[in-house]
Amino acid sequence: MHLEQEPKSERIDIRTTPRVKRALQDAATVTSKTVSEFLLDSALTRAAEVLADRRLFLLDDGQWDEFMTALDAPPPPMPRLEKLLREPSVLEKAGKA
């Protein structure tokens, strides 16, 4: 995942064990990156996966039809909400005082 070039002004500090640090250093070396570059690349890739899971979902044809039917269905009656929307708001009441 690549971001636009912008000044680096924020820090992220982590504590780890010597074994984990060595593993990260080895992985960074193998990929010709610094540990910071390796960590950022790995973390941003994972972040994109996590966030995509919240924005993208895949449905088969049957599921898509059910989804569209649910979207097209009229909302259930909500009498309390309808009553609330008919009443003057707090600001409207304050303006009449």
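Ile12 is exposed, with a relative accessible area of 73%. Here buried means under 20% relative accessible area, exposed over 50%, and partly exposed in between, with a 1.4 Å probe and protein chains only. Ile12 sits in the segment before H1. Its C-alpha atom is separated by 47 Å from that of Met78, 66 residues apart along the chain.

This is a predicted model: local features need pLDDT of at least 70, side-chain atom pairs count only at pLDDT 80 or more, and totals for chains, interfaces and linings use all residues. Residues are numbered from 1 along each chain as its sequence is written, and side-chain values use heavy atoms, with hydrogens and water left out.

## Overall form

The chain has five helices and zero strands. Helices (H or I, at least four residues) and strands (E, at least two) are DSSP runs, numbered from the N terminus. The order from the N terminus is α-α-α-α-α. The radius of gyration of the chain is 26 Å, well over the 13 Å that the globule rule gives for 97 residues, so the chain is more spread out than a compact globule. That radius is taken over C-alpha atoms, and the globule rule is 2.2 Å times the number of residues to the power 0.38.

Along its principal axes, the C-alpha trace spans about 70 × 50 × 30 Å. Of the 97 residues, 2% count as buried.

## H1 against H2

Helix H1 covers residues 18–30 and helix H2 residues 35–55. They pack at an angle of about 90°, with axes 8 Å apart. That makes H1 roughly perpendicular to H2. Axes are lines fitted to C-alpha atoms, for helices over the stretch in contact, and angles run from 0 to 180 degrees between N-to-C directions. Angles of 65 to 115 degrees count as roughly perpendicular, under 35 as roughly parallel, over 145 as roughly antiparallel and the rest as oblique.

On the H1 side, Leu24, Gln25, Ala27 and Ala28 meet Val35, Phe38 and Leu39 of H2. Contact means heavy atoms within 4.5 Å. The residues of this contact divide into six nonpolar, one polar and no charged. Ala, Val, Leu, Ile, Met, Phe, Trp, Tyr, Cys and Pro count as nonpolar; Asp, Glu, Lys and Arg as charged; the others, Gly among them, as polar.

Ser32 lies in the loop between H1 and H2. Its phi is positive, about 55°, although Ser32 is not a glycine. Ser32 is exposed, with a relative accessible area of 68%.

Arg46 belongs to helix H2. It is partly exposed, at a relative accessible area of 49%. Arg46 and Asp72 are 26 residues apart in sequence and 35 Å apart in space, C-alpha to C-alpha.

A search of the whole structure finds one aromatic pair. Trp64 and Phe67 form it, tilted, with 5.8 Å centre to centre and 45° between the planes. Rings of Phe, Tyr and Trp (its six-membered ring) pair if their centres lie within 6.5 Å; planes under 30 degrees apart count as stacked, over 60 as edge-to-face and the rest as tilted.

Both residues lie in helix H3 (residues 61–72), three residues apart, about one turn of the helix. Trp64 is partly exposed, with a relative accessible area of 44%. Phe67 is also partly exposed, at 29%.
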